[in-house]
Structures are given as structure tokens and as C-alpha cells.
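Me: I would like to learn how to read a structure feature by feature. Could you take me through one slowly?

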Amino acid sequence: MEVNKRTCLYDKHVELGALISPFGGFDMPIQYSGIVEEHNAVRSRCGVFDVSHMGEVTIKGTDAEKYVNHIFTNDIANAPIGKIYYGLMLYPTGGAVDDLLVYKRGENDFFLVINAGNIDKDVEWIRQNSEGYDVEIVHESDYYGEIAVQGPESETHIESILGIPCSDLSFYTFKQLEYEGETIIISRTGYTGEDGFEIYASHALTCKFWDKLIETGKVAPCGLGCRDTLRFEVGLPLYGDELSETITPIEACLGIFVKTDKEEFIGKDVVKKQKEEGAPRKLVGIELHDKAIPRHGYEVLSGEDVIGHVTTGYRCISVDKSVALALIDSKYANMGDPVKVKIRKKVFDGTIVARKFYKKSYKK
Amino acid sequence: MSKILEGLYYAESHEFVKIEGEYGYVGITDYAQEQLGNVVYVDMPEVDDEVTAGEEFGAVESVKAASDLYSPISGVIVEVNEALDSDPGAINKDAYANWIIKVKLSDPGEVENLMDAAAYAKCIEH
């Protein structure tokens with residue numbers, strides 16, 4: 001039997017009475033006090049998440065910039081140091097290997113943050129495509145712990161409780177700094193639609209940061225349960241739901257992170273064509289006219305015809321509505337059109353709406 | 001520690017039935033609501049629908065997932081707890097008081113196939 005990995009904060013989750021479940025090959029906390037309470041803490045105040053399960057890979061060397069641009073859909077050519085880019089790695093078919101963040105740490109020195117469930121596959125992919133490029137690939141997932149501090153009070157608490165100055169960081173930028181003799185990375189990023197930061201450090205320091213934040217009572221420990229409800233409400237994709245090996249970023253409506261004017265990158269031909277001519281499927285929002293809840297995998301219908309499936313659905317917490325993200329046949333993807341969702345044995349009426357069910361409040 | 005009430009009958013799928021005369025009130029146990037977390041929707045059948053012991057009759061949904069409901073007893077539904085429509089979270093506050101369906105039993109002897117409080121306590125220990 002395959003045993004799940006544990007993050008450096010695992011014992012603390014158990015002590016806090018968290019409900020633990022497997023996610024991406026790790027035993028992770030799903031909730032502590034409850035998903036709704038934690039969700040609201042992040043929207044109104046501040047919460048801290050253990051995201052140490054995320055993977056980290058450094059790519060450096062003479063060809064680092066050229067190589068990252070070869071495997072990444074966004075364009076990092078001539079990027080300023082300290083800037084972060086969201087984008088994807090694609091297969092030649094246009095399907096997604098993973099979605100990831102690329103931190104430009106120095107000239108020809110990049111730090112990649114990848115999804116936990118894809119770590120082995122991604123590292124293999126990054127290594128196997130590097131032939132002919134003068135790069136050094138260092139897999140650092142076992143070294144780094146990571147916490148995400150999210151919510152409108154994040155900046156205040158990181159500065160006053162942890163003593164890490166961060167008000168100088170703008171959205172999607174980062175800096176490295178010395179903390180107790182160790183180099184840590186802090187970025188103004190997150191996955192909740194709120195202002196917030198992510199901090200990468202050794203396991204020991206990660207535990208120390210976690211304890212300090214929790215002890216004050218001002219920062220709520222938050223599990224992956226509300227991480228998912230928070231990201232969903234603001235329309236952020238999750239690999240495995242809105243993205244996969246068979247879903248292209250154009251279908252997932254992530255075209256702005258796919259720079260088809262770049263000279264080349266793996267998967268370019270397919271996504272360029274889809275950008276120009278349209279993709280066969282499209283990710284849409286659906287609002288149901290009923291309290292029933294659409295869930296991942298449920299069928300979406302137009303009349304009697306199955307036109308796609310739900311990728312994520314919830315009874316939205318911030319806005320009291322049953323809503324879903326769904327990948328459907330593009331010819332049905334017209335805003336305001338009626339669709340139906342099959343939930344268990346019944347079929348419920350809904351309407352195609354925008355993919356954002358709640359407004360993001362980033363501090364840019 | 002989950003609450004278990006004496007005098008009720010329990011199913012392995014974590015529903016309870018409280019017998020009053022020829023009627024049974026069916027709901028989910030305190031243990032089940034704890035495992036589910038915040039209940040946000042209860043998919044209920046309709047009055048006059050028939051239910052069969054061991055068969056699905058609806059679903060209770062937490063933020064995270066949908067869980068099917070299985071009837072511990074057979075009969076005809078005479079009432080559904082409509083208050084749960086506007087306040088599904090009542091199940092989290094008191095799972096036993098907030099039953100889901102009231103059934104006119106077709107075979108009162110069926111309860112012998114269910115667990116009593118002591119047996120259910122052992123069941124959820126494992």
C-alpha cells in the first residue's frame with residue numbers, strides 16, 4: 001500500500017484537531033473549525049494555510065531563460081528580477097502537464113512552484129525536455145515548507161507577528177531575505193482571491209512561523225476545504241478539475257497566460273490554432289435556479305443532449321447560490337443561455353453566467 | 001464525542017430511526033453530521049414516496065460533498081421536514097431533533113435488523 005507523505009506541519013494539524021484527508025499524495029488538513037468559518041475568516045480577516053505539499057524546482061544556468069520559455073506558456077523573456085509569472089506547461093497536444101508559478105530570482109535563475117499531485121510527473125517532464133539546453137535542474141520540494149497567509153489583514157500580521165517587512169511587495173512580486181540566518185522567499189501571491197502572501201522556508205522556520213501566527217489568535221488555521229471554496233468563487237482553476245492532460249488552457253479560458261506570439265514553446269501549435277479559430281470546449285459558469293448542488297463530474301445538458309460536465313460546484317459560501325464551473329461544447333457556451341445539470345436522478349435548470357461568482361480583492 | 005441516544009435504532013450507514021407507534025422518524029446520526037461538517041442542503045423525497053430498508057431515498061450535502069441517504073426501514077413517507085429546506089444547518093446543531101422524513105412503517109419488525117445505542121457506539125469506534 002502506498003503511504004501518503006506528510007508535511008512538516010502534520011503534527012500541528014493533528015494537535016489542532018484537524019480533519020485529515022489525502023490530497024495530491026499527502027495527508028493534508030481539510031478543516032479545523034469548519035469550512036464556512038475558515039472561509040469567512042479569510043474573506044474578512046486573515047487565515048494561514050499549510051501549502052508545504054506544493055513542489056519547488058530551481059532551473060538555472062546559461063540557457064535557463066530560454067529553456068523555461070520553451071516549456072512554459074507565459075513569456076519570461078527579459079522579465080525583471082523579483083517578478084512572478086503564472087502559466088502552464090503543455091504537452092504537444094495542448095493538454096496541460098501542470099499549471100505553475102515561475103519566480104525570476106536572478107538572470108538565468110528561476111524558481112518554479114508546481115502542484116503536489118504532479119510533482120513526479122513534472123520533474124520528469126522538466127528533465128526530459130532539457131536535453132540540448134545548458135541548465136541545472138534542482139528538485140527542492142523536500143527542502144521547502146510553505147505557508148500561505150491570506151486575507152485583508154495579512155500584511156499587518158506578517159509584519160507585526162513575524163517581523164517580515166512585506167508592504168513593499170506588489171501583486172505577483174517576491175523578495176528573498178535573511179531570517180535567523182536562513183534565506184527565505186516571500187511573495188504577494190495566493191489562491192483565495194484576497195490579498196495575501198506565500199512564504200517558502202526550511203521546515204524548522206515554517207513550523208516557527210505557523211506557531212507564531214496561530215498563537216496570537218489573530219490568524220485562523222485554514223484547511224484545504226476552504227482553500228477550494230475560496231479559489232472556486234473567484235474562478236481560479238484547479239488542476240484535476242478545470243485543467244488536465246486532456247484540457248487545453250484555451251478551453252479553460254486561460255488564454256491571457258498563453259503567449260502564442262512567442263517564438264516557440266511545447267504545445268504552441270495546438271493552442272495557437274485554438275486561440276485563432278476557437279476551441280472545441282469552453283469553461284463557463286452555471287448558476288442553478290435551485291438549492292441542489294452541482295458537483296464535479298455531473299452532466300450538463302441542453303435539452304436532452306449531454307454537452308459537457310461540471311468541473312467544480314458548490315453552494316457558494318460568500319454568495320448564497322448553487323453555482324458551478326463546467327466544461328461544455330463551445331457552441332452552447334453563450335452567456336445567459338439556459339442549460340440543465342443532472343444531479344443524481346433529477347435534472348435542474350440553470351443559466352450560463354460569468355466564471356467569477358465573487359469579486360477578487362487583490363492589493364495591486 | 002458523538003452523541004448517541006438510547007431508544008433509537010441505528011443503521012451502519014449512519015441513519016437513525018425513532019419509532020413512535022406505527023411511524024418512524026428517520027435522520028442522520030450525530031456522528032454522521034460531525035463527519036460531514038457544515039450541512040448546506042438536504043435533497044429530500046416527497047410525501048407519498050415509498051422507501052425500502054437499505055435503499056437510497058435522498059442525499060445530505062456538506063460544503064465539500066454529497067452523501068446518499070439510505071432508509072433504515074420500509075414504508076410510505078407521510079411527512080418531510082420542510083424546515084431543513086431553509087435551515088439545513090439545523091442538522092449540525094441537533095441531528096436527532098432534526099429528522100428528515102416521517103415514514104408509516106410497512107414492516108415494524110424490520111427494526112430488529114438495526115443496531116441499538118450500545119451496538120452503534122461500538123460500530124463508530126472502529
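**Reading a predicted model**

Reply: Let us start with exposure: A:Lys331 has a relative accessible area of 60%, over the 50% cut-off, and is therefore exposed. This residue sits in the loop between strand 17 (322-329) and strand 18 (338-343) of chain A. Please keep in mind throughout that the model is predicted.

Me: How many residues separate A:Lys331 from A:Leu19 in sequence, and what is the distance in space?

Reply: The two residues are 312 places apart in sequence, and their C-alpha atoms are 42 Å apart in space. For another pair, A:Pro92 and A:Ile247, the separation is 155 residues in sequence and 12 Å from C-alpha to C-alpha.

Me: Where is A:Pro92 found, and is A:Pro92 buried or exposed?

Reply: A:Pro92 belongs to the loop between strand 5 (84-90) and strand 6 (96-106) of chain A, and with a relative accessibility of 55% it counts as exposed. Apart from its neighbours within four places in sequence, A:Pro92 is in contact with A:Trp125, A:Ile266, A:Gly267 and A:Val270.

Me: Is A:Glu242 buried or exposed, and where is the place of A:Glu242 in chain A?

Reply: A:Glu242 counts as buried because its relative accessibility is 1%, which is under the 20% cut-off. This glutamate is placed in the loop between helix 7 (224-233) and helix 8 (268-277) of chain A.

Me: Which residues does the side chain of A:Glu242 reach through polar atoms?

Reply: The side chain of A:Glu242 comes to 3.0 Å from the backbone nitrogen of A:Leu238, and a polar contact of 2.8 Å links it with the side chain of A:Thr311. If residues up to four places away in sequence are not counted, the residues that A:Glu242 touches include A:Arg231, A:Ile247, A:Leu283, A:Thr312 and A:Leu325.

Me: How should I describe two helices that pack against each other?

Reply: Two packed helices are described by the angle between their axes and by the distance between those axes. Here, helix 2 (residues 35-44) and helix 7 of chain A pack at an angle of about 55 degrees, with 8 Å between their axes, and they are therefore oblique to each other. The crossing of helix 2 of chain A past helix 7 of chain A is right-handed. On the helix 2 side, the contact is made by A:Ile35, A:Glu38, A:His39, A:Val42 and A:Arg43, while helix 7 brings A:Gly225, A:Cys226, A:Thr229, A:Leu230 and A:Glu233. Sorted by class, the residues of this contact are four nonpolar, three polar and three charged.

Me: Which residues of helix 2 of chain A are buried, and what covers them?

Reply: The buried residues of helix 2 of chain A are A:Ile35, A:Glu38, A:His39, A:Ala41, A:Val42 and A:Arg43. What covers them includes strand 2 (26-31), strand 3 (47-50), strand 9 (145-150), strand 13 (220-222) and helix 7 of chain A.

Me: At what angle do helix 5 and helix 6 of chain A pack?

Reply: Helix 5 (residues 154-162) and helix 6 (residues 203-215) of chain A pack at about 110 degrees, with their axes 10 Å apart, and they are therefore roughly perpendicular to each other. The contact is made by A:His157, A:Ile161 and A:Leu162 of helix 5 together with A:Phe209, A:Lys212 and A:Leu213 of helix 6. By class, the residues of this contact are four nonpolar, one polar and one charged.

Me: How many residues of helix 3 of chain A are buried?

Reply: Seven of the eight residues of helix 3 (residues 64-71) of chain A are buried, so this helix is largely enclosed by the rest of the structure. Among the elements that cover the buried residues of helix 3 are strand 4 (55-60), strand 7 (109-114), helix 4 (119-128) and strand 8 (136-139) of chain A.

Me: What should I look for in the backbone angle phi?

Reply: Most residues other than glycine have a negative phi. A:Glu180, although not a glycine, has a positive phi of about 50 degrees, and this residue is found in the loop between strand 10 (174-179) and strand 11 (182-187) of chain A. In chain B, the phi of B:His14 is positive as well, near 70 degrees, and B:His14 lies in the loop between strand 1 (9-10) and strand 2 (15-20) of chain B.

Definitions and conventions
Residues numbered from 1 in each chain as written. Chains lettered and ligands numbered in written order. Predicted model: local features only at pLDDT ≥ 70, side-chain atom pairs only at ≥ 80, totals over all residues. Heavy atoms only, no water. Helix = DSSP H or I, 4+ residues; strand = E, 2+ residues; numbered from the N terminus. Buried < 20%, exposed > 50% of the residue type's maximum accessible area, 1.4 Å probe, protein only. Polar contact = N/O pair within 3.5 Å; in protein donor to acceptor, adjacent residues only side chain to side chain. Contact = heavy atoms within 4.5 Å. Axes fitted to C-alpha atoms, helices over the stretch in contact; angles between N-to-C directions. Parallel < 35°, antiparallel > 145°, perpendicular 65-115°, else oblique. Left-handed = near helix turned anticlockwise from the far one by under 90°. Nonpolar A, V, L, I, M, F, W, Y, C, P; charged D, E, K, R; others polar.
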